Amino acid sequence: MCLFSRRVLLNFAATTMENKNEFTDALLMAALKLDSHDAFVEIFRMYYSDLVMFCGQFVDSREACEDIVQDVFVKLWEDRRRLEIRRSLKSYLTVLVQNRALDELRHSKVKAQYASGHHLHLLSLSPGEHLFYSDLNAAFDDALSKLPEPVRDTLLLSLHDKLSYPQIATRLGVSVRTVEARMSKALKYIRGSLSDFKAPVMAAAVLLNNV
């Protein structure tokens, strides 16, 4: 690439970074190949939190997930000049994180967790089908806000406070059967609210596991 083209691209990238809505993977990757630190920081800002959440579907430790994702970004920077990404940047990073997470599981010998139905389902998805937490967070919060208050309170006691049904019943002064009915209603409504997503059942599982 000639010096003029290099300068034009870097200037264009810097200008475009002022408008977050105009970012594209192609522009960011082109700038990254030209050693643009700003492009790298923007990619990190766009994807880091989602990738840590995604990694958490495989690895329980938040610290381990952060280490894995940070290693992936180090690799992205080190390989920046020779990268040839044929899919989306999201898909590329997702695959890297998934592979690192599976390596972590193998090294930790967590055989039962690795072979669970949840993980087998994740492995069956193509890179573009993986659901990021932020893709669903707004929809989940909206569905949660529309639940009747008693139903919402019951659900949050289960998710946030990790209380058992008998404990929730005692806290709210209702029967265990009432708690069961409210939880059933809440989960059914949330799954229905996420039905527009490609994998609604998995979407609900991801969100409910990370609330």
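**Close-up views of a predicted model**

**View 1. The cysteine pair C55 and C65.** The sulfur of C55 lies 3.6 Å from that of C65, its closest cysteine sulfur, which is too far for a bond. A disulfide is a pair of cysteine sulfur atoms within 2.5 Å. C65 is likewise in no disulfide, with the sulfur of C55 as its nearest at 3.6 Å, and the structure holds 0 disulfides. C55 is buried at a relative accessible area of 0%, and C65 also counts as buried, at 2%. Buried means under 20% relative accessible area, exposed over 50%, and partly exposed in between (1.4 Å probe, protein chains only).

This is a predicted model, in which local features need pLDDT of at least 70 and side-chain atom pairs count only at pLDDT 80 or more, while totals for chains, interfaces and linings use all residues. Residues are numbered from 1 along each chain as its sequence is written, and side-chain values use heavy atoms, with hydrogens and water left out.

**View 2. S36 in the loop between α2 and α3.** S36 sits between α2 (25-33) and α3 (37-55). A polar atom of the S36 side chain is 3.0 Å from the backbone nitrogen of A39. With 11% relative accessibility, S36 counts as buried.

**View 3. The whole chain as context.** The chain has 12 helices and 0 strands (DSSP runs numbered from the N terminus: helices are H or I, at least four residues; strands are E, at least two). Of its 211 residues, 39% count as buried. Among contacts (heavy atoms within 4.5 Å) between residues at least 6 apart in sequence, 60% join residues at least 24 apart.

Technical notes. A polar contact is a pair of N or O atoms within 3.5 Å; within protein, one must be able to donate a hydrogen and the other to accept it, and residues adjacent in sequence count only if both atoms are side-chain atoms.
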